[in-house]
Amino acid sequence: MTHLIIFLLFGALCVAGAVNLLVQRHPINSALSLVVVMGSLAVEYLLLGAEFVAAVQVIVYAGAIMVLFVFVIMLLNAGEEERTKGSRVAMLFGIPGMLVGSVLVGWLLIERTGNQTVSAGALPGAPRTIGWLLFHNFLLPFEVTSILVLIAIMGAVVLASHPDSDQGKKES
Amino acid sequence: MNLTTFIVVSVIKTVLALFVLLTAVAYTVWLERKVVGHIQNRWGPTRVGPFGLLQPLADGVKFLFKEDLTPPHVYKPLYIAAPMIAVVFALTSIAVIPIGNSVTIGNLVIPLQITDVNIGLLIILGVTSLGVYGVALAGWSSNSKYSLLGGLRASAQMISYEISLGLSLVGVLMLTGSFSLRDIVNAQSGTFWGFIPRWNIFHGGQFIAFFIYLTAAYAETNRIPFDLPEAETELVAGYHTEYSAMKFAMFFMAEYANMITVAAVASLLFLGGWHGPVFGPPLMRALLPVFWFVLRIFGFLFVYIWVRGTLPRFRYDQLMAFGWKFLLPLAMANLVITALVVALRA
């Protein structure tokens, strides 16, 4: 019972954070709302018994990636966005489309799983289990993902280094 | 243990731990002023109480009664929230730090730790990685160029050194096979060849990891020689330039609480936690482990202060080059070698 109440509470907080992310006009407020979303997601994982995923969610997303977001916003000194009327297409198709999509996903989930419920902590979530799965059953996807990340890093390095300015440094 | 007892015991432990931690924070400030004073051939605080021992109380009262200025140009919600974020995340880590074995009162066995979770170390890493928001947001919301530069430096530096910090701990985790701090400490009991304690620092080449951790932790806590975010010669006071009274004190509390956390983690992971010679009557047997643990923390805090009294500050490009080009490859090499050792032994 307590589990359910906390679960619903943080689910609501998560949705509220996501909505606030869209509503806020200042980039830094939006970024902080996203941190709230990440944090409440981590609590949800924790309640499901996936404590390792919860910790990684906080360390990687809230603690590293979002800090970089905030860093970039601070560095660019991005100011408040001006509120426009928005595009009519988005109003006409976007909101109904989103509603239909979420209803569809919810319906599919209920249809597929029926009334099965999983009690909290019933699923394996210990670091040892996850490590075993990653390095045995999912080794190939894991390695492919890491190569993908490596390519992205190399791309970022190439984009960030200006060959021209290197020459300028030598001349000066 | 039923629910009511559990809640009562937890509340008592939390209140006690917070009280001890905050007192320790206040007296670390006193220790720092005293030790740095003696290093620089001064006396440090002497006027309030014997050896200036009541100085932290006087400072606290002064912070409480000072006028709490809010500059007119700041972004108020975040300006007020930032010091709170910093201090809350700095104090949270204490919840998973064990300070000794369990004590038995009547038929109640109480572990000397607020809560023992099996991902204790990850929680500490997660909470400390969130602490950077306090500093970064303080710098940004103050709307002053010195604060902003301080905040930017802090976030860049903390992200850079967090990687080396995390990697340096993985070796210990591989040797122990657990994230629980209590398990990690228990794995370090006993001795090699009868006289060298089985601490992780003497175990499988973790000597290097220990120094990587210590260096990265100095950068994480913004201490000299890595205190670029508050470099007073360049940035007035960095991210807390615009803060006064209790809000300013909160940043200091956060900084010193983080120092204590770092010292506690270093002792738990590398120096055998509370292990040490235990002898004497039952009460002494119960208290000696806690004493050994506190002694280690005190040692680390003393080194912190000693380093501050000795080393000059890095330049910013040196700081970044050191973190990325030296510390990170070293941590990775240490990780690979430890993994090989563990794999060969298994």
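Me: What percentage of the 172 residues of chain A count as buried?

Reply: 16% of them count as buried. Keep in mind that this is a predicted model.

Me: OK. How many helices and how many strands are there in chain A?

Reply: Chain A has seven helices and zero strands. Read from the N terminus, the order is α-α-α-α-α-α-α.

Me: How is chain A divided into domains?

Reply: Domain 1 covers 1-80 and domain 2 covers 138-172. Taken over C-alpha atoms, the centres of domain 1 and domain 2 of chain A are 28 Å apart.

Me: And contacts in chain A: of those between residues at least 6 apart in sequence, what share joins residues at least 24 apart?

Reply: That share is 62%.

Me: Let's look at a helix pair. How do the axes of H2 and H3 of chain A cross?

Reply: Helix H2 (residues 27-47) and helix H3 (residues 51-76) of chain A have axes that come within 8 Å and cross at roughly 175 degrees. Angles over 145 degrees count as roughly antiparallel, so that is what H2(A) and H3(A) are to each other.

Me: Which residues make that contact?

Reply: From H2(A) they include Ile28(A), Ala31(A), Leu34(A), Val35(A) and Met38(A). From H3(A), Val58(A), Tyr61(A), Ala62(A), Met66(A) and Phe69(A) are among them. By class, the contact has 19 nonpolar residues, two polar and one charged.

Me: Switching to the interface. How many residues of chain B are in contact with chain A?

Reply: 18 residues of chain B, and they meet 16 residues of chain A. On the chain B side, helix H4 (120-141) and helix H5 (145-176) each supply at least two residues. H4(B) gives the largest share, nine residues.

Me: What classes of residue are on that side of chain B?

Reply: The side of chain B that touches chain A has 13 nonpolar and five polar residues, with no charged ones.

Me: Now the largest nonpolar core. Which of its 115 residues touch the most other members?

Reply: Ala86(B), Ala136(B) and Ile260(B). Helix H9 (residues 245-270) of chain B gives the most to this core, with 17 residues.

Me: What is Ala86(B) in contact with, leaving aside its neighbours within four places in sequence?

Reply: Ala86(B) is in contact with Gly131(B), Gly134(B), Val135(B), Met250(B), Phe251(B) and Ala254(B).

Me: Loops next. Where does Glu67(B) sit?

Reply: Glu67(B) is in the loop between helix H2 (55-65) and helix H3 (76-92) of chain B.

Me: Is Glu67(B) buried or exposed, and why?

Reply: Glu67(B) counts as exposed because there are 6 C-beta neighbours inside 10 Å, and the cut-off for exposed is 12 or fewer.

Me: What about phi of Phe51(B)?

Reply: Phi there is near 55 degrees, a positive value in a residue other than glycine. Most residues other than glycine have a negative phi. Phe51(B) lies in the loop between helix H1 (3-39) and H2 of chain B, and is partly exposed, with 13 other C-beta atoms within 10 Å.

Me: And what is phi of Asn143(B)?

Reply: Near 60 degrees, again a positive value in a residue other than glycine. Asn143(B) is in the loop between H4 and H5 of chain B. Asn143(B) has 15 other C-beta atoms within 10 Å, which means partly exposed.

Definitions and conventions
Residues numbered from 1 in each chain as written. Chains lettered and ligands numbered in written order. Predicted model: local features only at pLDDT ≥ 70, side-chain atom pairs only at ≥ 80, totals over all residues. Contact = placed C-beta atoms within 7 Å. Helix = DSSP H or I, 4+ residues; strand = E, 2+ residues; numbered from the N terminus. Nonpolar A, V, L, I, M, F, W, Y, C, P; charged D, E, K, R; others polar. Axes fitted to C-alpha atoms, helices over the stretch in contact; angles between N-to-C directions. Parallel < 35°, antiparallel > 145°, perpendicular 65-115°, else oblique. Domains from an automatic or database assignment. Core = buried A, V, L, I, M, F, W, Y, C linked by C-beta atoms within 7 Å. Buried ≥ 20, exposed ≤ 12 C-beta atoms within 10 Å, placed from the backbone.
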